[in-house]
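Here is a short briefing to read alongside the model. Please have a look at the structure first, and then we will go through it together.

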Amino acid sequence: MKIAVVVFPGSNCDVDMYEAFHSVLKADVKYVSYKEKSLDGFDMVALPGGFSYGDYLRAGAIARFSNIILAVQKMADEGKLVLGVCNGFQILTEMGLLPGALKRNDSLQFVCKDADLRVENAKTPFTTEYQEYQEIKIPIAHGEGSYYADEDVLDELEKNNQVVFRYIKNNPNGSLHDIAGICNKRGNVLGMMPHPERAVEAILGGVDGLPLFKSVLKAGVKA
Amino acid sequence: MKQAMTPEEIKEEKPYLDWSLSEREYDYICDHLLHRLPNYTEIGLFSAMWSEHCSYKKSKPVLRLFPTKGPRVIQGPGEGAGVVDIDDGQAVVFKAESHNHPTTVEPYQGAATGVGGILRDVFSMGARPVAVLDSLHFGELKNNPTMRYKMEETIKGVGDYGNCMGIPNLGGETTFDPCYNGNILLNAMNVGLMNIKDMEHGNASGSGNLVMYVGAKTGRDGIHGATFASADFSKEHETQRSAVQVGDPFMEKLLMEACLDLIIKHREWLVGIQDMGAAGIVSSSAEMATEGKSGMVLNLNDVPQREPNMSAYEIMLSESQERMLLCVKKGYEEDVKRIFEGYNLEAVTIGRITDDGQYILLHDDEIVCDIPVTALTEDVLEEKSEKRKPKHIIEAEKEAAWEPKIEDAGQTLKDLLNQPTIASDTFVTQQYDSQVRTNTIVAPGSDAGVLRVRGTKKAIAMCTDTNGRFVYLDPRVGGQRTVLESATNIVASGALPLAITDCLNYGDPNDPEIYWSLHESCQGIADACEILETPVVSGNVSLYNENDGEAIYPSPMIGMVGLIKDYDHVIPMRMQETGDQVYLLGK
Amino acid sequence: MTTVRIYVTYKPSVFDPQGAAITDSVNSLGHTEVKQIVVGKFFDVTLDENDLDKVEEDVKDIAESLLVNFNMETYKTEILEEKA
Amino acid sequence: MTTVRIYVTYKPSVFDPQGAAITDSVNSLGHTEVKQIVVGKFFDVTLDENDLDKVEEDVKDIAESLLVNFNMETYKTEILEEKA
Ligand SMILES: Nc1ncnc2c1ncn2[C@@H]1O[C@H](COP(=O)(O)OP(=O)(O)O)[C@@H](O)[C@H]1O
């Protein structure tokens, strides 16, 4: 399985994502510039966290006009895996691959801490290595992570089981329905605010993100 | 563009006095350095370059007290940042810098640009910044909504800049004391890692080589930082002008990646590189030329400008953020431009190196400055200062030592925990990304932050410590204690202390009592550094921290870095398991 | 040259934490007469174009493709000034 | 009830990185006719007060004590609507 990590101007968790695949899971992963027009030959693309274009308008708003975005769209259409974490999630909503939007946190402050999550859907290609309703701790680090969508969109997400991760105990940003991560209907595009790539080594504080990476690599083998 | 005053008018009207250049200095410049009257641009450059901030004319005698050498020291004070060997061809690069005045006046931007400035000092050495630390000292919070606002904005400024750059915050300190009511302290420290072979210098040499400018355009930001900081605040309200420097972390991120790309992959194109900090283009270019024992010709019309009709003086002294100056070998101009274009940045040639030692500036086809480079950088008149033991110390020495009376230890503990200085700092540290780039082993909240050196078993530990009140009461012991506190924080994390950086935050050094405290406390720092074998490899001086004649406590900040050979030996601060024994070591 | 101001606000259904926080602090400063504060942003776009139909078309495209996120925001425009 | 809009912008000499970044991206989207984009914010303040002198006084105080940072910003106000 070949994985691409896209680097936008201002991406800064590109290293975190790359190293999770590379050093920890020994997977075949490459950095790809936002200027590239093609992702042919890759089985999965990850849009990392950070502050693409400084997040100067809305997080992710400017990045979605990059060349690479059409290639990301194409991968999604072909049923290949698309993962957006934090800024990557914001880009996926801005480009319309996932519904809704991410607003400024209710606290109006950036927040960096461990968040308690529940895995609401363990059947997506990103979550098969988790148990259904497993409770996990994954770090968050964002200022604009409050998920918003209109009522009917939220109903639709719930009905189709598209809410993949939900905050429990404490909603850190005011997101509606305590949403931490959602997928598209087909299940091959996942966007989430928490950083699973920061939870893959015990020395750095936890390994609850590992099953996500193992899930996608397993999905790659089957495909 | 016409000069605002003729040389004769300057001699008559003495505008330089307002820019804190003395008559003695002016006369020395005329009679001994130039042998003529300087023009308006030239005297502006002198007053900036001869300011305490750029020349250390007051603090030099004190800085000489510090030990600066050691078996691991590759680069001591004098460059962008200190460089210390951590084996395997790798080095840790670090420095701290104060941004007290800008933060007091405009907390958010002051703090943000404070962080931005110290990052440039580190990446211009060829090191990748890997951690930010911030030492914050505010006035009293109780019944003081303005101070609370300033605190919140300062923290947001530190956080937004580092978060956007993707550099984790690994620690710092937050204290509160009425002595900082009118003068907040913001000291930011940055730690970087590099391969020693990639080390760069702020050097410009080789006749015919090019001077290139890259980064944000030049505006009228922060012109004459010193005068701005003391300008009457209320007058500023009415004007449409503002000299506040605004931080642009996105620009800085591009600049950092591009500069590291250039330094690490194409160092043969480059002679030297330096960030434009205080006193902007003039200080970076004059310092680089001095280092390279060269002359330099700059054409100011080629400097990218954000505002129309800027004078030569404004262009040279602007403190617009996120700018770098490069000395590039002849013939590689286009290659360098191409590297920066890859990051959507424009590199522009603004001048070239000469071998006559003269510093020549052209503006609108006129020579607006023609002086020896070293007159700006090396011929500064050092200033002698008077010292006098402060009255409050003499008085205190006559009295018996104060003994705390504790009747209800539980209540005393609660009262202590209620102090904002001692209470939990989670409110602060949660706003900082402390994990980005996934190397953080110990995040803020412990004695020292600990960071893994990726690809090795090594880790580095780092912390900052300040103890203004202690230093005020006994500068010598206070200085020693501050270094010792850092060292114990580093050791408690399982690391061997390597070296320190510092920010010397004091009041007006012309007050003999303050100068005495400065001298004594630095002697204390030096004593401790000698004994602990932790030399001073970089640092910064911030004097004149006063408001309405009230000085802050003498508040030297120590930033220390230590090395852990195997990160499995890192010791976390928290209690581990029920049933574990608790010991008290020492007396 | 024409300058158009584009006003962007949250849709009414979207909770605006900033507006709420500011209203609270204005009230606690003693201004209890203040019932609501709505926060928005605006963009003054200066175009090298004098044909107002063309301006309208450009501005619509800029707003709808970049400046506004219809999932949570709406916008209005206003011509500020025209000069040759 | 009266609603007043308070417009806040950077002073002209203050660098606006947000405006610069947005202008760049609008240009690179093909809208090269756009010469400048200046970003500002506005606050629609609704007060339970109909005496316009009093409104003006209140709004001035609110703007100057809370909404505007005079180190870098200036402001203007405009009455949007009045009703009893
Ligand atoms: N402004 C700050 N930035 C980052 N970390 C901070 C800041 N203020 C406090 N901290 C962190 O909070 C913890 C507690 O700080 P402090 O009360 O100064 O503890 P100590 O006295 O043990 O050094 C430390 O780990 C410190 O690094």
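Predicted model: local features only at pLDDT ≥ 70, side-chain atom pairs only at ≥ 80, totals over all residues.

The notes below cover the ligand site, the chain contacts and the fold of one chain.

Residues are numbered from 1 along each chain as its sequence is written, chains are lettered from A and ligands numbered from 1 in the order in which they are written, and side-chain values use heavy atoms, with hydrogens and water left out.

**Ligand surroundings**

- The ligand is surrounded by 15 residues, each having a heavy atom within 4 Å of it; the closest are B:Asp134, B:Gly172, B:Thr174, B:Gly445 and B:Ser446.
- Strand 5 of chain B gives the largest share of this shell, five residues.
- At least two shell residues each come from strand 4 (128-138), strand 5 (169-176) and helix 18 (426-429) of chain B; helices (H or I, at least four residues) and strands (E, at least two) are DSSP runs numbered from the N terminus.
- Sorted by class, the shell holds eight polar, four nonpolar and three charged residues, with Asp, Glu, Lys and Arg counted as charged, Ala, Val, Leu, Ile, Met, Phe, Trp, Tyr, Cys and Pro as nonpolar, and the others, Gly among them, as polar.

**Atom pairs at the ligand**

- A ligand oxygen atom lies 2.5 Å from a backbone N or O atom of B:Ser446.
- For B:Thr174, an N or O atom of the side chain is 2.7 Å from a nitrogen atom of the ligand.
- B:Glu173 has a polar backbone atom 3.4 Å from a ligand nitrogen atom.
- Of the 550 Å² of accessible area that the ligand has on its own, the protein covers 78% (Shrake-Rupley method, 1.4 Å probe).

**Chain contacts**

- Five pairs of chains are in contact, and chains C and D share the most contacts, where contact means heavy atoms within 4.5 Å.
- Chains B and C do not touch, and their nearest C-alpha atoms are 11 Å apart.

**Chain A**

- Chain A contains five helices and eleven strands.
- Its radius of gyration is 16 Å, close to the 17 Å from the globule rule for 223 residues, so chain A is as compact as a globular protein of that length; the radius is taken over C-alpha atoms, and the rule is 2.2 Å times the number of residues to the power 0.38.
- Of the 223 residues of chain A, 64% are buried, meaning under 20% relative accessible area (1.4 Å probe, protein chains only).

Note on methods
Polar contact = N/O pair within 3.5 Å; in protein donor to acceptor, adjacent residues only side chain to side chain. Buried < 20%, exposed > 50% of the residue type's maximum accessible area, 1.4 Å probe, protein only.
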